[in-house]
Amino acid sequence: MFLKPLLQWLHVGSVVLLIGGFFFFRVVLIPIANRSPAPDTLISSALRRFSGIVWSTLLTVLISGLYNVITFFRTARSAAAESVDVDYSLYILVLAVKFFIVFLIYTLAIVLTFPYPVFAVFQKRPAPWLNIVIILGLIIIFLSAFLRRMA
């Protein structure tokens with residue numbers, strides 16, 4: 001009884017924390033760092049510290065999102081068995097677009113926070129990538145609200 005709302009709360013809260021953290025990083029921290037004598041050091045240090053939050057929220061979003069998808073498909077299968085008029089095609093299409101955008105956010109989050117030499121070029125100049133993550137995150141939040149109204 002409490003599991004579904006709890007996981008929904010964890011899911012939404014983690015997404016807001018993740019996107020809000022990237023927003024803060026881009027809008028507040030980077031402009032302040034660019035005024036400091038060693039901006040690269042400050043930005044890379046902040047990215048390393050922020051990576052723990054990013055990885056925790058990514059894991060929480062993944063687990064709670066899988067639960068939400070499984071719950072949705074169980075409910076949809078039951079509803080489809082009871083009525084022939086049920087059509088989830090638009091819902092599934094929007095959900096697929098949402099999954100693709102989530103994949104892009106996960107990829108960029110890993111590239112920006114994983115301490116691997118190949119990613120250093122992205123981590124030294126994270127601003128354009130953070131802009132993309134923030135825009136994609138806002139699209140995800142919109143699509144989530146849209147899907148919630150459809151369900």
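Predicted model: local features only at pLDDT ≥ 70, side-chain atom pairs only at ≥ 80, totals over all residues.

Residues are numbered from 1 along each chain as its sequence is written, and side-chain values use heavy atoms, with hydrogens and water left out.

**Helix H1**
- Helix H1 covers residues 3-34 (helices are DSSP runs of H or I, at least four residues, numbered from the N terminus).
- The 32 residues of H1 should span 46 Å at 1.5 Å a residue, which agrees with the 44 Å between its end C-alpha atoms (the expected span is 1.5 Å times one less than the number of residues).
- Buried residues of H1 include Leu7, His11, Phe22 and Phe25 (buried means under 20% relative accessible area, with a 1.4 Å probe and protein chains only).
- H2, helix H3 (89-113) and helix H5 (127-150) pack against the buried residues of H1 (contact means heavy atoms within 4.5 Å).

**Ser64**
- Ser64 belongs to helix H2 (residues 39-82) and is buried, with a relative accessible area of 1%.
- Leaving aside neighbours within four places in sequence, Ser64 is in contact with Leu7 and His11.

**Largest pocket**
- The largest pocket holds about 940 Å³ of space.
- Among its 37 lining residues, His11, Asn68, Leu95, Lys98 and Ser144 are the closest to its centre (lining residues have an atom within 4 Å of a grid point of the pocket, on a 1 Å grid).
- H2 gives the most to this lining, with 11 residues.

Note on methods. Helix = DSSP H or I, 4+ residues; strand = E, 2+ residues; numbered from the N terminus. Buried < 20%, exposed > 50% of the residue type's maximum accessible area, 1.4 Å probe, protein only. 1 Å grid on protein atoms, 1.4 Å probe; cavity = no way out; pocket = protein on both sides within 12 Å on 5 of 7 lines; lining within 4 Å. Points joined across faces, edges and corners; volume = space filled by probe spheres on them.
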